[in-house]
Amino acid sequence: MSSRINIARPQANSFNPDPHGLSNSRPSSGYRAANPDDPIEKLKAFSQQVEDTVEIYSQPLKPHLPAIGRFLIVVTFLEDALRIVTQWGDQIWYLQQHRKFPWGISHLFLIINVVTMLAGSGAVILKRYTEYAVAGLLAVVIIQGFGYGLIFDLNFFLRNLSVIGGLFMVFSDSMVSRKTLFAGLPSISETDRKKYFLLAGRVLLIFLFLGFILQGEWSIARVFVSIIGLAACVMVAVGFKAKWSAAFLVLVLSIFNVFANNWWSVHSAHPQRDFLKYDFFQTLSIVGGLILLVNMGPGGLSVDEKKKTY
């Protein structure tokens, strides 16, 4: 009886691991090993090493980056409020003589600007009522452009776009993961809103550097810095290696700001001093926005985040 039952393993030539034909019959090409001599692989390794080094040495500062970024973003508004108060007579004269503001309207215009800038800046630094503070500071940027007649000045326009980008970064930093419901409208989480504000902030922040490229005298050093900086701006806008690119722009803009906008070296009676001081603190504001980008990352709508999902 037992001789009729074959309990041995099947022969190798008759064993079929997929008797029903459900597997993919195409031969697998396997994974191609990375070539260490490939220039692209070397560049990837170098960029990863730079990112790791920056991450290590920035650890002591990382807990303080949000506060530093917020303060730098609003420092241009604090300086502007102080300048209006200390130059009140000159401001009134300019608005009435050159901008044809009626008496009383010019005073009200300056008072509203000073109060809004001080209150909004304080709220941003303290992280209180951030939405209202950002809205107020955005309104100041717009009405000053029209009030002083600078809205069509290209340099002013690009710089203020970057300042608005920094304010968007502040707004994104203040968001938490909770849902807000509106009657009759679909719900949208603040995490989703944060992605869009981060995207808008990233794109707007780079306009200052575009203004730097478009104006001034050209030299070999300027061409070199412009090419490298423009590449970093594109990387920030699309969110590719965004933290590294933003850190690079922080370094470049800080060095440029000290040497190009050195208002402290100009005599106090020279008319160029106020323009240099204005540009200096506006650049600090944009540096603050980039610092927040370094701290928060580029957000969901970026190449860096898309790479993590694959």
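Modeller: Take contacts first, and bear in mind that this is a predicted model. In the protein chain, 67% of the contacts with a separation of 6 or more join residues 24 or more positions apart.

Biologist: What makes a pair of residues a contact?

Modeller: Their heavy atoms lie within 4.5 Å.

Biologist: How much of the protein chain counts as buried?

Modeller: The figure is 39% of the 310 residues.

Biologist: Which residues of helix H3 are buried?

Modeller: Gln-91, Ile-92 and Leu-95 are the buried ones in H3, which spans residues 88-97.

Biologist: How do you know on which side of H3 they sit?

Modeller: They cover an arc of only 95 degrees around the axis, so they are on the same side of H3. Their cover includes helix H2 (65-86), helix H4 (105-126) and helix H5 (130-147).

Biologist: Why is Trp-244 called partly exposed?

Modeller: Trp-244 has 32% relative accessibility. Buried means under 20% and exposed means over 50%. The value 32% falls in between, so Trp-244 is partly exposed. Trp-244 belongs to helix H10 (residues 242-260).

Biologist: Which residue is 196 residues from Trp-244 along the chain?

Modeller: That is Gln-48, and the two C-alpha atoms are separated by 9.6 Å.

Biologist: Why is Lys-100 called exposed?

Modeller: Its relative accessibility is 63%. The cut-off is over 50%, so Lys-100 counts as exposed. Lys-100 sits in the loop between H3 and H4. Its phi is near 60 degrees, a positive value in a residue other than glycine.

Biologist: And why is Lys-127 called partly exposed?

Modeller: Lys-127 has 49% relative accessibility. Exposed needs over 50% and buried needs under 20%, so Lys-127 is partly exposed. Lys-127 is found in the loop between H4 and H5. Lys-127 is not a glycine, yet has a positive phi of about 60 degrees.

Biologist: How are two packed helices described?

Modeller: By the angle between their axes and the distance between the axes. For helix H6 (residues 154-173) and helix H11 (residues 272-296), the angle is about 35 degrees and the axes are 9 Å apart. The crossing of H6 and H11 is left-handed.

Biologist: Which residues make the contact?

Modeller: Among them are Phe-156, Val-163 and Gly-166 of H6, and Tyr-278, Ile-286 and Gly-289 of H11. By class, the contact of H6 with H11 has 9 nonpolar, 8 polar and 3 charged residues.

How values were computed:
Residues are numbered from 1 along each chain as its sequence is written. This is a predicted model: local features need pLDDT of at least 70, side-chain atom pairs count only at pLDDT 80 or more; totals for chains, interfaces and linings use all residues. Side-chain values use heavy atoms; hydrogens and water are left out. Buried means under 20% relative accessible area, exposed over 50%, partly exposed in between (1.4 Å probe, protein chains only). Helices (H or I, at least four residues) and strands (E, at least two) are DSSP runs, numbered from the N terminus. The arc is that of the directions from the helix axis to the C-beta atoms. Axes are lines fitted to C-alpha atoms, for helices over the stretch in contact, and angles run from 0 to 180 degrees between N-to-C directions. A crossing is left-handed if the near helix is turned anticlockwise from the far one by less than a right angle, and right-handed if clockwise. Ala, Val, Leu, Ile, Met, Phe, Trp, Tyr, Cys and Pro count as nonpolar, Asp, Glu, Lys and Arg as charged, and the others, Gly among them, as polar.
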